[in-house]
Each structure stands twice: as C-alpha cells, then as structure tokens.
Amino acid sequence: MPTPSLASLPIRRLTLRDLNACADLSEDRGWPREEHKWGFLLTAGKGYGIDDPGGGLVSACTVTEYGPHDRPSLAAIGMVLVAERYARQGVGRRLMRHIVSALGPTPLTLHATPYGRPLYEELGFKATGRAEMVRGRFTPGGPESRIATRAATAEDLAAILRLDEEVFGADRTHVITRLPAFTDQLRVAEEGGRLIGYTAAWPNMDTHVVGPVIARDTETAKALIASLAARTDRPLRTDIDVRHEELLTWVKEHGLASIAHNTVMTCGITELPGDWNRRFAPLTVAAG
C-alpha cells in the first residue's frame, strides 16, 4: 500500500489523548518533554496536529485565544514543532497557513526563535519586540523590599482577573482561573489593601518557570520574583521583555543568566494590546 504524501495528511484538532505524542514530538526535536505545559495548553487552548501514518505526530502546535469566546481579540500561537524526519519539507508552513486561515481576522501573536522567524515573516508576521530567557538559581541579597507580598487566596481571584485584563489588554479568565491547579505558587503584592501585582511559579522539568509577572512597577516585580525564589529549591526560568532593562539586570545580579532571545511577532496588529510597562513576563511564551 503506497505511503500517503505529506500534503495529503489531514490536519486535526489535538486533545489530551495526544499528550504523550506531543511530548514525544518535543523530545524528537531536542526539547524537554514538558507534559505539564502541554496539558495546560491543550485544555486552556486548542491543539492542532498532523498524524504520522507510522505512529506519532508529524507536526503540532497550540493556539490560545483571548477575549470574547465568539469573537477573540487576540490569539497566541505556540509549540510549533515538526518531527526531525519531516523537517524542511514544508510541513510547518502548511500547518501555520492552516492556523492563520482558521483564525481569520483575529489578531495573532507568537514568540519566534531565530530558526522559525523567516517562516513567520513569510506568513505576514512582523517583529514588534523581544524577550530574553534567563535561568539559574536565585541568590538573595540586597536591601529588603518594602513591597508586601503573600500567597494568593480564593478571595483574590476577582482582583487578579481585573488587574490581568487591564494589563494584558484582553480577557483571559479561562487561563488565569487555571493557575491555582497549574502552579506550585501563586502570589500577590498589595499596598493599602489594594492588589498591585501578582505572579506564579509552575513546575517545568527541573525548574520553576516564573510567569506571568504583572506588577505596578519594577520594584513590585522584583519583590514578587524574590518571594517565589525564597520558597523553592529549584532553579528559576523566565522570559522578560527586554524593555525592562532594570529587571533583567537585577535577576542577573541575583544568579540568573541569559540563555536565549526570542522575537515577539504579531500579525493583524502593530503592537500587543495592554500596558507593557506593567507586563514583565508571560505565563509561557507559547501562550503569549
């Protein structure tokens, strides 16, 4: 029986039943398996993929939509992967074209590696920013912060959602309400009984990923990150908007080192909505 051509293999929606295949695909490309993150993205958003007739996946990606359910105001594309044995055969281009077409007029964003950027530019994405990935064991030190932080409670959720929508620029209730179950830590900063920031740390292989980081100012972001670091023995990893130079300098002074840069790209909008001055790091680059 002849082997079907790559162009004829159907693109389908992925579900949690595909979690292991997605993790296998990550591993095939030299990425960590990241089952915890894949599971979150497949439930908070949508997955798309192409089955390999020989088993597993030829390609996969995730889409996380924000705003009104029937008329999203923003969609983030992430985890775009093609199996090594099918690389450089147009599979990623075909999958991305399908996603862009399916999302229609919805504004799009993604974080591009240097390897993936040419494809995204070909599809109409424009570079609008950069994020720097840092990783390492946080070493405490310096003057004690005057910003009060504490563990978030269920009573904080409404205030977190209000602040998040104001800063992110779109409603992402379906993502934020999953954080208590997804993260190991969820913390808030407050002043005079008013919420001025929040952050989380979630497990990813041997690290804790710090994100999102939403804060009134850099001092608040520092206090939130330090409060997370004081409560874990794992290395921290996060992706910080390079415009936040002071925060990047501070985390490097406290033991984290730069390991990669990604280009923030958009399609259909010239810049991301919301207030970048208070948006320091994403939940994950895969979800915008």
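Predicted model: local features only at pLDDT ≥ 70, side-chain atom pairs only at ≥ 80, totals over all residues.
**Entry 1: H1 against H2**

I started with helix H1, residues 19-28, and its packing on H2. Their axes lie 10 Å apart, at an angle of about 125 degrees. Angles from 65 to 115 degrees count as roughly perpendicular and those over 145 as roughly antiparallel. H1 and H2 are therefore oblique to each other. I noted the crossing of H1 and H2 as right-handed. From H1, the contact uses Leu19, Cys22, Ala23 and Ser26. From H2, Glu35, Trp38, Gly39 and Leu42 take part. I sorted the residues of this contact by type: five are nonpolar, two polar and one charged.

**Entry 2: How covered is H2?**

Next I looked at burial along H2, residues 35-44. The helix is mostly covered, with seven of its 10 residues buried. I listed the buried ones: Lys37, Trp38, Gly39, Phe40, Leu41, Leu42 and Ala44. A lysine, Lys37, is among them.

**Entry 3: H8 against H9**

I then turned to helix H8 (residues 218-229) and helix H9 (residues 245-253). They pack at about 30 degrees, and their axes are 10 Å apart. Angles under 35 degrees count as roughly parallel, so H8 is roughly parallel to H9. The H8 and H9 crossing is right-handed. H8 brings Thr218, Glu219, Ala221, Lys222, Ile225 and Ala226 to the contact. H9 brings Glu246, Leu247 and Trp250. By type, the residues of the H8 and H9 contact are five nonpolar, one polar and three charged.

**Entry 4: The nonpolar cores**

Which residues touch the most other members of the largest nonpolar core? I found Tyr66, Ile77, Met96, Leu110, Tyr120, Phe125 and Tyr198, out of 63 residues in that core. Strand E4, residues 74-82, gives the most to this core, with seven residues. I followed up on Tyr120. Leaving out residues up to four places away in sequence, Tyr120 touches Val80, Met96, Leu110, Ala112, Phe125 and Met265. I also found a second, separate core of 24 residues. Its members include Ala189, Ala223, Leu228 and Leu247. Leu247 also belongs to the H9 side of the contact with H8.

**Entry 5: Pro140**

Last, I checked Pro140. It sits in the loop between strand E6 (126-136) and strand E7 (148-151). Is Pro140 buried or exposed? Its relative accessible area is 73%. Exposed means over 50%, so Pro140 is exposed.

Terms used. Residues numbered from 1 in each chain as written. Heavy atoms only, no water. Axes fitted to C-alpha atoms, helices over the stretch in contact; angles between N-to-C directions. Helix = DSSP H or I, 4+ residues; strand = E, 2+ residues; numbered from the N terminus. Left-handed = near helix turned anticlockwise from the far one by under 90°. Contact = heavy atoms within 4.5 Å. Nonpolar A, V, L, I, M, F, W, Y, C, P; charged D, E, K, R; others polar. Core = buried A, V, L, I, M, F, W, Y, C linked by side-chain atoms within 4.5 Å. Buried < 20%, exposed > 50% of the residue type's maximum accessible area, 1.4 Å probe, protein only.
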